[in-house]
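I opened my notebook to look up the charged side-chain pairs. Here is what I wrote down.

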Amino acid sequence: MNLLVIGAGYVGLTMSVCFAELGHSVICIDKQKSKINALLKGELTIFEKDLDKLLVKNLQSKRLKFDISMKKSVENADVVMIAVGTPFEGKLNGYNQSGIYSVAKEIARFINKYRVIVIKSTVEVGTCDKVEQIIKETNPKADFDVVSIPEFLREGSAVYDFFNPERIIVGTGSPRAKDIIKELHKPLKKKKLVFTSRRSSEIIKCASNAFLATKVHFINEMADFCEKVGGNVCEVAYGMGLDKRIGREFLKPGPGYGGGCFPKDTKALASLGKRVGASFNLIETVICANENRIKGFAQKILSCVKDIKNPKVAFLGLAFKSGTDDCRCSPGVDIVLELINKGVKVCVYDPVAMKNAKTILKSSVFYAKDEYEAAKGADIIVFATEWKQFKFLDWTKLSKIVNNKIIFDMRNIVDKQETLKHGFECCKIGC
């Protein structure tokens, strides 16, 4: 099939590359010419495991193309997939969907035969209806269906998730659109299409993320409780996770959730709830607690070095989680900003997220080339992202280059007994 993907961000780019790998002819367009030029050269503009190889492979096979022109791409497409950004605009407004509506109006002008318009972006309830209205008003003769197919890719394992989906939610009541969507996903060996109404599909995405964010908040509160009563939250989480009704995922204590989905989707859902008169007290509590956890962790770090004059903090990990370079709403970055505001000297390092972190932290911190440069002369080493390489550091080497042997492990990834052998004081979360 001929697929047009509009938007070469995280979702759009991943979808473009993976659908091309399935054998479809894919064109991905984006207004950022510099991004398109880089992708045409086979240069990946995001960090995602295995995506770089698939990008080059499908460029060479001619199944995947990139462009900035809309007209010809729409005219030749069977399916048009909208994957533009919908940033959170504010508590009263929710998502900023102006990009989607602008694209819908532009698409409408070039529809010359039946098209399936897929909304892949995360949107508010009723967005598909609004897009349908815009297209009809712009081009009354257009023959099309608007379908909601929210994405559930996890950053760091998006390629795996695409080819091994737990479910593919498809919001449509059109038999013609259903047949085309089935054909689009047919090459997937483990396709699990679930057809719903469009509005239910739009809700499922935000509801899923809000539930998972709540689960993260729960285990974080349980970690705080364990610290008070002498339990081990890792053991508690393991025991809880063995119950299939609960599950083991998202039961890892830490500094809170972050990234481009959970913070945005929980806030947008709470915002929409207020506008329509629906109560989301639980979600609002989760949002508030997650934001407060940032300040709480910054204070814990300061407490660890309260007796040290002008302490230096070695901060390891800036991405909101391992496997990605995404620093959007990263708890680590936010904690660094809190420390800076307190006048603390901070040296940071992340294996892949330094470039993105610099756009936020700018010149307010020192950027190290590796973990050991960051730790040189440090009074405390903070672990903020669960990168695998952080688990296997040379503690003998570190013990010789730090000023004070203090560790604050926000992800419970280091071997406490090993650090104690080298004279470190190791503070972990909930244990």
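This is a predicted model: local features need pLDDT of at least 70, side-chain atom pairs count only at pLDDT 80 or more; totals for chains, interfaces and linings use all residues.

Residues are numbered from 1 along each chain as its sequence is written, and side-chain values use heavy atoms, with hydrogens and water left out.

Next, the pairs. I took a salt bridge as a side-chain nitrogen of Lys or Arg within 4 Å of a carboxyl oxygen of Asp or Glu. By this rule I got 21 salt bridges.

I looked up Glu124. Its salt-bridge partner is Arg275, with the closest N and O atoms 2.6 Å apart. Glu124 sits in the loop between β7 (115-119) and α6 (127-138) and Arg275 in helix α11 (residues 262-276), so the pair ties together parts 151 residues apart in sequence. I used DSSP runs here: helices are H or I, at least four residues, strands E, at least two, numbered from the N terminus. Glu124 is buried at 13% relative accessibility. Arg275 is partly exposed at 42%.

Then Asp129. I found a salt bridge to Arg199, closest N and O atoms 2.9 Å apart. Asp129 is in helix α6 and Arg199 in helix α9 (residues 198-229), 70 residues apart. Asp129 is partly exposed at 30%, and Arg199 is partly exposed at 44%.

Last, I checked Asp161. It meets Arg154 in a salt bridge (2.7 Å, N to O). Asp161 is buried at 11%, whereas Arg154 is partly exposed at 38%.

Note on methods: Buried means under 20% relative accessible area, exposed over 50%, partly exposed in between (1.4 Å probe, protein chains only).
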